[in-house]
Amino acid sequence: MPTAPTSPSSEQLPARSAAVWAALDPLVGAGTPLRVLDVGGGSGMFAVPLARLGHDVTVVDPSADALATLRRRAETDGVGARVRGVQGDGDLLHEVLPAADDASAGYDLALCHYVLEVVDDPAITLREIARVLRPGGQVSVATANRAGAVLARAVTGHPVEALALLEDRDPAPGRARPARRRFAPDDLLALAEGAGLRPGTWRGVSVVADLLEATSGADPQAVRALEVALAETSPYRDIATGLHVLASRR
């Protein structure tokens, strides 16, 4: 009898994403194969581990180079048959993926990790993702946290940029490329609700991991455990590098 897939070993997971994996674990580690969509999943940091758990993963990304890396990584890990790469944009999913019309169609889980910062319209992107989820399907959304970005600029000696971020202004106006967006928790929850999704509790992502890994020899497993403990606890989560929420299609 085949062994049910289990979640990735904690020793293999980056400490900064420990809170995201902990939130996904009840879904992806339950032993039931899922249809997973990874929007902007690039080279497969989440897609390949999920495929190793027995899930079928479709990655939509605008970068052909990233998708080529995804293919090599999946083949190397022996999960090439479970990973499919599709070139496309998150806010134009209707051009490459069909809509989910009933409970028997669509994706069980979608990932949208650090994509809303760079797409043309975050609201459209989330609506496009909701469109391809089956009713009751869930989306995992991770974004950059404005409060964390303000603090990071301040402690590295850039108070002018920190103030600009606090006031939701471009910290480096005049550059050729547009500034990456940062979000407050209420912004993220409102975007999810506006897309017809029902968001759960938001979490902080990388509350201390970036700092500890850069400045100390802290045990990675202990850092991961601390990250999970702080992820849903204020005031610690409020200053995390990122925000995360699981939301379900109504």
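Leu-151, Val-155 and Ile-239 form a nonpolar surface patch of about 270 Å². Patch members have over 30% relative accessible area and no salt bridge, and nonpolar side chains are joined within 5 Å. This is a predicted model: local features need pLDDT of at least 70, side-chain atom pairs count only at pLDDT 80 or more, and totals for chains, interfaces and linings use all residues. Residues are numbered from 1 along each chain as its sequence is written, and side-chain values use heavy atoms, without hydrogens and water.

**Helix H5**
- Leu-151 sits in helix H5 (residues 146-155); helices are DSSP runs of at least four residues, strands of at least two.
- Leu-151 is partly exposed, with a relative accessible area of 37%; buried means under 20%, exposed over 50%, and partly exposed in between (1.4 Å probe, protein chains only).
- Arg-146, Gly-148, Ala-149 and Val-150 of H5 are buried.
- The cover over the buried residues of H5 includes E5, helix H6 (159-166) and H7.

**Nonpolar cores**
- The largest nonpolar core has 30 residues; a core joins buried Ala, Val, Leu, Ile, Met, Phe, Trp, Tyr and Cys through side-chain atoms within 4.5 Å.
- Elements giving two or more residues to this core include strand E1 (35-39), helix H4 (122-132), strand E5 (133-144) and helix H7 (185-194).
- Leu-37 is among the residues with the most contacts inside this core.
- Beyond its neighbours within four places in sequence, Leu-37 is in contact (heavy atoms within 4.5 Å) with residues including Thr-58, Val-60, Leu-93 and Val-132.
- Another core, of 25 residues, lies apart and includes Leu-13, Ala-23, Leu-34 and Val-36.

Technical notes
Patches are made of residues with over 30% relative accessible area and no salt bridge: like charges are joined within 9 Å, nonpolar side chains (Val, Leu, Ile, Met, Phe, Trp, Tyr) within 5 Å. Accessible areas come from the Shrake-Rupley method with a 1.4 Å probe; for residues, only the protein chains shown count as cover. A salt bridge is a side-chain nitrogen of Lys or Arg within 4 Å of a carboxyl oxygen of Asp or Glu.
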